[in-house]
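User: Can you walk me through this one? I'd like to start with a helix and then move on to the chain contacts.

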Amino acid sequence: MYNRLFKIFIFLTIPLTIGFVIYISTLTVIITKKFSGPKWDIPSKVYSDSFQLYPGMDIFALQLKERLERLGYQSSSEVVHHPGEYQVQHENGSNQMTWTIYLNDFSYPLKNFSGFLVQLDITDTTITHISKLSLGQKKGDPQEEIFLVELEPELITEFFEGSREDRQVVKLQDVPSNLLNAIISVEDARFLEHAGLDPRAIFRAFLANLKAGTVVQGGSTITQQLVKNFFLTQKRTLLRKLNEALMSFIVESRYSKDEILEAYVNEVYFGQRGSAGIYGISEASRFYFSKPLSKLTLAECALLGGIIRGILAGEYEGALQEPLRVKKISTISNSAPYFVDFVRAELLEKYPSKVLTTQGLKIFTTLDMSLQFFADQALQTTLKQLELQWANLKEDLAPGERLQGAFIALHPQTGFIRALVGGRDYNESQFNRITQARRQPGSLFKPFVYLTAFLEDKKYTLATRLSNEPFTFTYDRQTWEPLNYEDKEKKEGSLTQEKKEVSAREALEKSINIPTARLATEVGIKKLVKTAQKLGIQSPLPAVPSLSLGSAEVTPLEIASAYSVLANGGIRALPISIKHVVGPNGEILEGKSIEIQKVISPEAPFLVTYALEGVLDRGTGRGARLFGFGQTAAGKTGTTNEYVDSWFAGYTPDLVGVSWVGFDKEKKVGLTGAQAALPLWTRFMMKATQSKPEVDFLIPENIVFQNIDPETGELSTSKCPSSFKEAFIKGTEPKTTCEIHNPKKKKKEKTN
Amino acid sequence: MKIFFIFVFLTSGCALFRPSASIDDPLLNFYTKTPPAHTQAALRLTEKAREEIHLGKQSIAIEQLEKALTIDPQCSFAYYFLALSAHQNGDYKKSNGFLEKAKQLFSSFPFWRAQSYYLSGQNFEKLNNEKMAQAQFKKAREIDSNL
């Protein structure tokens, strides 16, 4: 009998033991894999450009308050003592005020910035003086003057997979002992003594729960919690509990207490920021207190320890008698989704998607968040206004077929993309109309025709008279007969009287097709193609005469890049969106610096710019001036056949902006560039340039100015009814005075 | 009359012995009137970058100069020192790109304009374009005979 029972026992035990060993081995493999490799998927963070404050700036125009709030700084009515706080004090009865800001710490690609206290002295709204203060400094104490303050970049968004977990991994030796003690005392007082499970704690929790009649206390050790978070679900089942216990033993047997604690402090959950979970004590320290772990006070350490268990901060506050200031919690909403997509596409050329979403890279971009908001605001307002004004734009439209718009702004000198809005609603359509949409640019191409003429042949100037009479151009057994805008209108009943001849300036200012097309055919279409390519147009450009009127499809980004060369005196800066990519350990993986190259001599672009200033002052873009935009600027309207696309490309000496309005499907908008795209450009530019000092376009040394009679293009005399100060490349200026309005000459002619 | 001649002699003599400008001089000294606030801020950053270049910290210098250009995109000095940094890094083509902009913007700073042409000449020498190098040196000397 015993023999039989023994046999049964053996029969059952052996497979059970083998099964148990296999199970333990499997769990060990799972644990080892997790512990030996990267333990967490860390999202990559995308930042805007940093922002500099210096004396002379207008704090309202630069939206200082909004910037600080977006960065999570908290306004305080008391003296500022902590990073991430600022205080505004008004001097009674005067126009003076002071802003005291305790700057946050920040890890820049090339330096670790340690936050300090700064004071901005402001008269009216202008910063007059910046000084660095020390804590506890009183009014009247000597101050250290500084010339510039840098506000850290704003977090635009994060790249992540699945759920979003914000985490900064930290080594155990970098965690303050006060914080470790707080965590251990709150979570697992006998952590250093037990082997993964703490029977005393389990028994204590059992009694407490029995007494309360519900679960009020847990008996899990730090090791158990780590195991649960790493490998198991949150379900309360017996099997899960068994696995948790087994795995805790395995972890304790294979890894030191330090390794377990380090994993725990990086894994533990600290709350939510919008859709992102805050994990690990380092991220929590920055999230709640805007400071690194090394700067936490005793009370702050205690509070972090308490948050893990959900203990109210007040209990700790009372115990430690130290007032606590928790940073205002700001959520991250991607305010530049199209720009981020553009950045992501660029990064994906070098980094696999998995790296972007799991390796905790930091991507520093060129975006100016204020300009981005201005651009988005201008686009939304303009499209709404257009829909209100023109009912046909809103009629019978299926979802996703609404009127669309796009805008890009960049620095012509550096190529830094400062704002990019690729559509009116990212949730509705992720198609980036700045970088992906190829559209006919229409008259936006005309400046390139004149630029080619000025570059190629000295006989052409802004005063050159060009025929405005219809003509037919034959090429490759085809004919082409360009029409003026007015001619097209005539077919619809308009009776505009057209001039037979116009100056190059007038043709450009008023965007007249025939003289431009004629000039292009005279200069050569192939040369026009070459010029456009030099300016940065990369899309295919068929060498056909209609190219002069913008028949080849290009992206708004290409147009912005090409117009930058005009603004920058013939020098091309490659558009840049990413400045640095920083790896998880702070190493710079990639650094992009400004790259500029002279592509054409500066005189011809200046002539074009000078004429395009006239577009805003007198021509098709004068709406910008009527709207109230007064800064020195040049620009060009663009409208394509059948009014499908409306464009405006324009620039001040320091900022280029391109706006587009239309439908995604080829559908008539029915509005010109001046009617639909110019308001968008103007709204943005008015905001973007309000804090900028007015600068004039640089006049190249080979440019001379002459007063000419606009009717003849010859030097004007006092007898001429009007006179215009025209720019010429040295040597091409007119030598003869106006014959029509000069009676002496007329007399001579009669005698002859 | 004698006193007048002595005065003229002394003042012209002083002018002769006036120390010539150097690329290490404070940049603000080259301005005849105080530049606008944003230019001043950009100049201060450029000065810091110049120190970093001297210390061989090119990356930090480039970052400072790019910040200077974000504040004042017309800061001619920032382009010059970006060019100098690129030159020292052996990127002569890139250096010449920056110098083209510097030459445009230095129209009222002959000393620096000449320096820009001179550095451009050195870049072309390194790029084995002797003809262009000599043309740049010639232009530099036309602007500043001390070069």
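This is a predicted model: local features need pLDDT of at least 70, side-chain atom pairs count only at pLDDT 80 or more; totals for chains, interfaces and linings use all residues.

User: How many residues of H3(B) are buried?

Analyst: 11 of its 14 residues, so H3(B) is mostly covered. Among them are Ala61(B), Ile62(B), Leu65(B), Ala68(B) and Leu69(B). Glu63(B), Glu66(B) and Lys67(B) are buried too.

User: What span should H3(B) have?

Analyst: At 1.5 Å a residue, its 14 residues should span 20 Å. The end C-alpha atoms are 20 Å apart, so the two agree.

User: Switching to the chains. How many residues of chain A are in contact with chain B?

Analyst: 26 residues of chain A, against 26 residues of chain B. On the chain A side, strand S26 (residues 596-598) gives the largest share, three residues. That side divides into 13 nonpolar, nine polar and four charged residues.

User: Back to helices. At what angle do H3(A) and H9(A) pack?

Analyst: About 35°, with their axes 8 Å apart. H3(A) is residues 177-187 and H9(A) is residues 298-309. The crossing is right-handed.

User: Which residues make that contact?

Analyst: From H3(A), they include Leu179(A), Ala182(A), Ile183(A) and Val186(A). H9(A) contributes residues including Leu298(A), Ala302(A), Gly305(A), Gly306(A) and Arg309(A).

User: And how do the residues of that contact divide?

Analyst: Nine nonpolar, three polar and two charged.

Notes: Residues are numbered from 1 along each chain as its sequence is written. Chains are lettered from A and ligands numbered from 1 in the order in which they are written. Axes are lines fitted to C-alpha atoms, for helices over the stretch in contact, and angles run from 0 to 180 degrees between N-to-C directions. Helices (H or I, at least four residues) and strands (E, at least two) are DSSP runs, numbered from the N terminus. A crossing is left-handed if the near helix is turned anticlockwise from the far one by less than a right angle, and right-handed if clockwise. Two residues are in contact if their C-beta atoms, placed from the backbone, lie within 7 Å. Ala, Val, Leu, Ile, Met, Phe, Trp, Tyr, Cys and Pro count as nonpolar, Asp, Glu, Lys and Arg as charged, and the others, Gly among them, as polar. The expected span of a helix is 1.5 Å times one less than its number of residues. A residue is buried if 20 or more other C-beta atoms lie within 10 Å of its own, exposed if 12 or fewer, and partly exposed in between; C-beta atoms are placed from the backbone.
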